[in-house]
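Keep the model open as you read.

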Amino acid sequence: MSNRFFGSRFLDFTEIPKLWLALVVFLLSFSANAQFYSVGENPASICWRQIRSPHFTIIYPADFEQEAKRVTSTLELNYSYGSYSLGGQPKRFPIILQTQLSSSNGFVTLAPRRSEFFTVMPQDQEPVDWLNQLAIHEFRHMVQVDKYRQGFSNVPYWLLGEQGTGLVFGATTPLWFMEGDATLNETSLTLSGRGRMPEFVMSYRTQLLERGPYTYDKASFGSFRDVIPNQYPFGYHMVAYARRHYGEDVWGKTLDKIARWPIRFFPFSRCLKKVTGLTTSELYRRTVQELDSLWREQDSLISPTPYQALNHRTSKVPTFYRHPIAMPDGRVLVLKYGYGMIDAFVLVDSLGNEEKVFEPGPYDRISLSSDGKSIVWAEEHPDPRWGYRSFSVVLRYDLAEKKRYELSRKSRLYAPAISMDGEKVVAVEVDELNHSSVVILNAKSGKQLKKMGESDSIFYKMPWFSSDGKKVVVVKFVRGLGNTLAVFDANSGQADGDLLAYSRFQVANPTWSGDTVCYRSSASGIDNVFGVVVSTREVFQLTSSRFGAYDPFMHQGQLFYADYRTEGFDLVRAEKDSLLYSPEGPSNFVAYYEPAERQELKPNVLDSIPQLDLESKKYRKIGHLLNFHSWQPVAMDPNDYSTTIGVEVKSQNVLSTAILGGRWGYDGVNDINTLSAELSYRGWYPVLDFGVEREQQSNFNRFVLSGDDTLEVTDRREVDYDFSVSLPLNFTKGKHFVFFTPILSASYEDILFTGPQFRSQFEWTPLRGHLIFRRVRKRAVRDILSPWEQYLRFSIAKAPFNDGQEELYYATGRFNFPGLFKHQVLRVRLGGQYIGGERLRFRRGYLNFPRGVKEEDTDHLATLQVDYTFPIAYPDLRVWWLAYFQRINASPFYDYSWSTYLGNHKNFESFGLELTTDANFLRYGYLLSVGARFSYVTKEQNPVFEGIFGISFY
């Protein structure tokens with residue numbers, strides 16, 4: 001679950017198993033080193049507990065027990081309702097409640113099978129309890145996954161374990177269905193799911209009304225050129241259309257057919273056609289036809305508010321202007337971001353001229369505040385070591401000093417706003433127990449001055465000071481009731497009452513002007529700006545936007561806000577005389593979910609949740625280190641992905657702290673038996689890695705010289721033991737991601753050669769040390785590479801206990817610089833290594849020779865590689881069902897190396913061109929980068945052609 005908004009009739013059937021075998025080997029190759037999804041690890045100090053209900057195992061920090069029991073009760077209540085329309089009841093699922101993160105999310109994954117809930121409620125959450133929504137949405141994914149444990153889909157599970165089920169699920173089921181079905185389920189089973197929110201459908205509706213439908217491939221896979229609704233709204237409407245016209249069991253029947261026989265081209269589309277008579281492309285055309293008709297009827301009822309757009313768009317690249325604030329000098333401060341740029345705070349004057357002020361770091365784009373002298377916002381800062389712990393930190397940027405200040409550290413503060421006198425900052429605090437409160441800080445020191453309204457059943461969002469700084473208005477969500485606006489006295493901390501009746505409409509971004517609070521509401525069926533008079537509680541609508549009006553700020557009778565269009569949000573200004581000031585009227589929202597809602601056994605499962613009598617007990621980490629989830633009938637070398645006959649098993653515990661792999665393999669060509677195991681323990685501050693491998697080779701058939709004799713070697717046995725300690729640290733703050741990892745490792749290698757009259761044993765005990773540093777600026781959507789990056793690695797390997805053993809010293813650096821135009825990057829890579837000693841082991845070390853040159857043994861090696869990478873075009877080109885091309889890239893390069901080996905000097909030089917395309921092939925959901933490299937080696941005057949392949953899962 002995101003915080004917001006995987007047939008040719010001329011195919012020879014005998015070729016299908018070969019294609020699937022190739023797909024299996026291809027996907028398994030990605031699993032060798034880092035197959036299993038993990039955000040990171042939790043602090044070692046956490047004491048975990050668990051609840052085992054009839055269908056779930058809930059694992060949670062001990063102090064979160066009250067909420068854990070509530071989540072378990074919700075899951076058990078929803079078990080039969082949430083699975084009804086798909087017709088499946090999943091087996092026991094482990095669920096981890098992650099309370100240490102400052103961000104909101106949730107996911108279900110396999111290998112190992114688990115779900116994780118990031119428990120903090122987002123500031124832009126629709127009016128439904130966050131954990132309840134996660135319970136419903138993520139449970140639907142559990143149902144989807146378990147539908148693939150039947151028929152022929154059981155065979156991959158028997159052969160490969162959970163990774164086999166994941167393989168079938170990912171290779172057959174489009175992403176839009178997975179998320180669309182779960183979103184429709186959360187909407188039809190609650191009164192406040194995303195399908196009921198105008199914000200959720202806004203981008204899709206805008207695109208259809210302004211530009212019409214795109215091709216199925218473009219709508220499904222996205223674009224670097226245009227704003228494309230993501231998998232959630234796209235899939236929601238596709239899934240809802242089928243439910244509207246073919247009944248509640250249409251998707252259950254489709255998944256049953258896929259699972260029983262998934263080995264076919266485009267199984268999802270073909271099985272859908274057997275059930276409905278429509279392929280996925282035909283379903284898409286029918287869906288957009290119906291939506292176009294419904295949304296045009298809604299559009300005909302709208303008389304848009306006249307306004308003046310203050311920003312000037314100089315290109316068609318999607319760009320967004322959010323959170324306008326009128327400044328004392330007449331300019332308007334906004335948050336600006338887009339496909340061509342990262343987030344930036346920008347000042348826009350009356351002529352549309354822009355001045356970039358500052359580029360923030362990881363930022364949720366929920367709010368922005370300024371008193372005219374400073375800018376205040378919140379960023380996410382990670383814990384240096386623990387991936388499952390992060391903080392939401394308040395920052396202030398002084399416009400005169402051009403300096404950034406941290407007002408809080410290791411805090412969980414959200415949506416901060418500064419008073420107009422610049423003395424105080426108000427923010428929402430959410431602790432690790434999900435208690436929400438409103439806090440006031442000193443704007444200079446960050447010291448907490450006041451805490452108001454702390455509660456475990458009320459959640460606060462987006463606070464704002466009154467013009468005189470004496471009052472605070474905040475969005476208030478009460479579980480079971482919905483949203484309202486609440487007022488607090490900033491001095492006493494006492495509540496002054498609610499401004500609105502509780503409702504299921506979205507209420508967001510309140511700002512204060514005189515006696516009026518302006519805010520964004522979905523009450524009209526499209527997000528618009530509303531106002532409420534504080535003294536009288538009179539509510540009125542201010543704007544009538546065609547697609548959506550957001551982020552209101554009233555200044556001197558003029559209303560500044562962000563108005564949505566196809567290219568993104570515009571910064572607009574409406575004069576007082578053009579505003580509606582009309583009473584709140586009925587909603588004209590197109591409730592596309594209603595037929596699905598009527599099909600459910602219980603449309604509102606949250607109206608009454610019986611609290612179960614649940615027993616909890618301590619979750620002992622040491623007793624759950626092993627969790628064998630996957631296996632495979634081949635042995636795969638984790639270093640080069642080569643495979644041999646054998647067997648491999650994989651274990652990862654659900655807390656992702658212990659990862660174990662074991663394998664036996666037999667290479668029949670060379671008569672080599674290999675038995676190995678690796679264990680990585682990540683639950684302590686340093687990461688500990690252990691490895692052992694025994695390799696036995698018979699019929700070695702080598703001859704060696706010993707004095708005047710030639711001796712035959714017939715057998716080789718090698719036993720290797722490895723141990724390493726590493727400390728992966730993340731020092732990210734601001735727009736640059738900063739990582740530092742020191743690694744220290746030791747090995748013991750025992751090699752024995754034997755023959756009819758020959759025995760030689762060789763022992764080697766090397767120590768290795770590595771220092772790795774990386775600093776990289778975050779990328780815009782269109783960036784192929786980060787325009788600023790520094791990567792340094794220093795390594796040393798030596799065997800101090802073995803005289804004359806080889807030693808290696810290695811250093812490399814990678815540096816990115818902005819090119820001549822946007823999204824162009826100059827990348828320079830430098831490296832040097834020295835290999836010395838009498839007995840050679842490393843031979844080639846870590847550095848690569850120039851592209852097109854075959855690697856050789858070296859003593860000394862120095863390299864230079866220069867690339868200039870840039871996009872050529874964004875074609876959004878569909879070639880039948882074979883491929884959808886999103887971007888074409890080029891990268892001319894020049895490589896040079898200087899090396900010596902046994903006193904012989906060699907220089908190599910090559911230049912060439914890499915051409916790649918980022919595309920979706922055979923309607924596979926993830927973006928693949930494929931292409932070719934042409935290298936010309938000057939010394940050999942030899943052209944070399946090679947293929948290039950990459951994959952992105954994000």
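**Salt bridges and helix packing**

Start with a charged pair: the side chains of aspartate 496 and lysine 471 come together in a salt bridge, with N and O 2.3 Å apart. This pair ties together distant parts of the chain, since aspartate 496 sits in strand 22 (residues 495-498) and lysine 471 in strand 20 (residues 471-478), 25 residues apart. Bear in mind as you look that the model is predicted. How exposed are the two partners? Aspartate 496 has 32% relative accessibility, so it counts as partly exposed, and lysine 471, at 25%, counts as partly exposed too.

Some salt bridges share partners, and in this way Arg211, Lys218, Arg225, Asp226, Arg313, Arg565, Glu567, Asp570 and Asp876 are joined into one network. The count for the whole model comes to 68 salt bridges. The idea behind them is a simple one: side chains of opposite charge can pair when their charged atoms come close.

Next, look at glutamate 359 and lysine 356, whose side chains meet in a salt bridge at 3.0 Å, N to O.

Lysine 69 is partly exposed, at 27% relative accessibility.

Stay with helix 3 and turn to its neighbour. When two helices pack, you describe them by the angle between their axes and the distance between the axes. For helix 3 (residues 65-83) and helix 4 (residues 130-146), the axes come within 9 Å and cross at roughly 45°. The two helices are therefore oblique to each other, and helix 3 passes helix 4 in a right-handed crossing. On the helix 3 side the contact is made by Glu67, Arg70, Val71, Thr74, Leu75, Asn78, Tyr79, Gly82 and Ser83, and on the helix 4 side by Leu131, Asn132, Ala135, Ile136, Phe139, Arg140 and Val143. Sort these contact residues by type and you get 8 nonpolar, 5 polar and 3 charged.

Now for another pair of helices. Helix 8 (residues 198-210) and helix 10 (residues 231-246) pack with their axes 9 Å apart, at an angle of about 85°. That angle is why helix 8 is roughly perpendicular to helix 10. Which residues meet here? Phe200, Val201 and Tyr204 come from helix 8, while Tyr232, Pro233, Phe234, Tyr236 and His237 come from helix 10. This contact divides into 7 nonpolar residues and 1 polar, with no charged ones.

Helix 6 (residues 162-172) is mostly covered, with 9 of its 11 residues buried. Those buried residues are Glu162, Gln163, Gly164, Thr165, Leu167, Val168, Phe169, Gly170 and Thr172. Serine 303 lies in the loop between helix 13 (280-299) and strand 6 (308-309), and serine 303 is exposed, with a relative accessible area of 57%.

Notes
Residues numbered from 1 in each chain as written. Predicted model: local features only at pLDDT ≥ 70, side-chain atom pairs only at ≥ 80, totals over all residues. Heavy atoms only, no water. Axes fitted to C-alpha atoms, helices over the stretch in contact; angles between N-to-C directions. Helix = DSSP H or I, 4+ residues; strand = E, 2+ residues; numbered from the N terminus. Parallel < 35°, antiparallel > 145°, perpendicular 65-115°, else oblique. Left-handed = near helix turned anticlockwise from the far one by under 90°. Contact = heavy atoms within 4.5 Å. Nonpolar A, V, L, I, M, F, W, Y, C, P; charged D, E, K, R; others polar. Salt bridge = Lys/Arg side-chain N within 4 Å of Asp/Glu carboxyl O. Buried < 20%, exposed > 50% of the residue type's maximum accessible area, 1.4 Å probe, protein only.
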